Number of protein chains: 2
Amino acid sequence: MILCDIGNSFYHFYKDGEIFKESVDKTPQLFNKKIYYISVNNSATLKLKESNNLIDLSKRINFNTSYNGLGIDRVFACLNISNGVVVDAGSAITIDVMQNSTHLGGSILLGLLSHKKNYNSISNKLNFDLNREVNLNKLPQNTIDALSYASLKSTILIIKDISKDNKIYFTGGDGQFLSKFFINSIYDKNLIFNSMIRVIKDNKL
Amino acid sequence: MILCDIGNSFYHFYKDGEIFKESVDKTPQLFNKKIYYISVNNSATLKLKESNNLIDLSKRINFNTSYNGLGIDRVFACLNISNGVVVDAGSAITIDVMQNSTHLGGSILLGLLSHKKNYNSISNKLNFDLNREVNLNKLPQNTIDALSYASLKSTILIIKDISKDNKIYFTGGDGQFLSKFFINSIYDKNLIFNSMIRVIKDNKL
């Protein structure tokens with residue numbers, strides 16, 4: 001079975017249990033099987049469609065939300081979670097709250113790596129590599145720590161504020177790293193793919 | 001008396017009680033008086049120096065800190081504050097903690113407007129104007145609110161976390177707006193210029 005979660009920067013593939021990604025800027029490879037997909041990126045979808053047989057899973061679900069314009073990747077990240085907070089930490093970090101299988105709302109933070117790019121656009125003195133080991137219990141004493149502390153702590157504080165005591169489900173490239181800061185959390189790199197597999201089974205596709 | 005606080009994007013001038021700014025990308029105007037200045041921007045300083053008589057105030061102060069590479073604008077924002085937290089909210093937002101006239105450390109956040117630019121670089125769907133009226137007590141229900149909530153709330157939470165119950169002194173373009181979210185705070189648009197004036201007096205310049 002081949003699944004594809006088409007994002008802003010990457011095609012995220014799942015093929016027979018294996019996971020890999022390809023840049024949307026390149027011509028995607030040719031598969032000789034049908035590909036079940038969800039997408040937030042129309043042009044990348046069209047490119048994949050040129051040489052592959054695609055089946056859109058976004059039409060096959062019921063999802064309760066009042067949120068206007070919720071990305072289909074966020075929908076699928078939340079789809080298997082009845083109660084809890086879902087954090088997908090990539091180039092953006094989305095935080096979504098589920099209660100009794102209903103989506104209550106959510107927020108979109110800048111991803112940890114996006115901070116770096118942005119600081120550098122303010123001043124070339126603010127060019128840095130995120131210090132992931134920065135001490136968050138001590139006031140920073142140099143620029144790299146001052147920037148790392150801000151990026152990390154502001155992210156952690158807003159996730160804490162939104163999640164309160166609820167269980168947090170992390171996914172995405174920085175999900176495992178961020179989950180370390182939260183006791184009541186798990187990291188599941190396949191959160192979206194597992195929802196896609198369930199939708200395929202439920203719909204007998 | 002003419003003062004100039006030379007930043008990454010602007011010359012911030014103080015002339016006989018009046019305040020104005022000029023882009024560092026343009027040729028600065030010619031003044032026929034000496035200009036007392038501080039600067040974090042060497043090339044802009046050289047440009048101002050070409051046709052004006054400049055006096056650097058950065059060498060005229062004593063400032064206690066263990067922070068390595070603290071920007072001179074942050075030093076001057078803190079210089080008049082014995083105890084409290086100093087927040088300069090511009091293209092970056094700096095947060096610095098003073099206790100008994102000693103600088104204990106600080107952090108550097110992305111400015112509120114910087115968030116906007118950065119979201120847009122992740123996806124053109126994330127192009128938005130910050131909704132400064134977003135309800136911070138309710139989970140967002142659309143993209144603009146989701147982004148505005150994240151920008152504002154992450155900024156407010158980390159300032160709260162660092163400042164605890166200490167008094168907060170806000171300055172900079174977004175200082176007045178942010179100060180509204182903190183009871184024990186004041187906004188002083190002239191925090192840096194007032195320090196510069198004091199240094200001039202103390203040094204009998």
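Tutor: The C-alpha centres of domain 1 of chain A and domain 2 of chain A lie 25 Å apart, with the domain bounds coming from an automatic or database domain assignment. This is a predicted model, where local features need pLDDT of at least 70 and side-chain atom pairs count only at pLDDT 80 or more, while totals for chains, interfaces and linings use all residues. Residues are numbered from 1 along each chain as its sequence is written, chains are lettered from A and ligands numbered from 1 in the order in which they are written, and side-chain values use heavy atoms, leaving out hydrogens and water.

Student: Where are the bounds of the two domains in chain A?
Tutor: Domain 1 covers 1–56 and domain 2 covers 64–189.

Student: How many residues of each are in contact?
Tutor: Six from domain 1 of chain A and six from domain 2 of chain A, contact being heavy atoms within 4.5 Å. The area buried between these domains is about 420 Å², with carbon and sulfur atoms giving 78%. Buried area here is the accessible area (1.4 Å probe) that two parts lose on being put together, summed over both.

Student: OK, switching to the chain A and chain B interface. How many residues does each chain put in?
Tutor: The contact takes 40 residues from chain A and 40 residues from chain B. About 3400 Å² is buried between the two chains, 59% of it from carbon and sulfur atoms.

Student: How many salt bridges across that one?
Tutor: Two, by the rule. Asp161(A) forms a salt bridge with Lys153(B), where the closest N and O atoms are 3.1 Å apart.

Student: Last topic, Lys189(A): is it buried or exposed?
Tutor: Lys189(A) is exposed, at a relative accessible area of 54%; buried is under 20%, exposed over 50%, and partly exposed in between (1.4 Å probe, protein chains only).

Student: What does Lys189(A) touch?
Tutor: Ile19(A) and Thr171(A), not counting residues up to four places away in sequence.

How values were computed:
A salt bridge is a side-chain nitrogen of Lys or Arg within 4 Å of a carboxyl oxygen of Asp or Glu.
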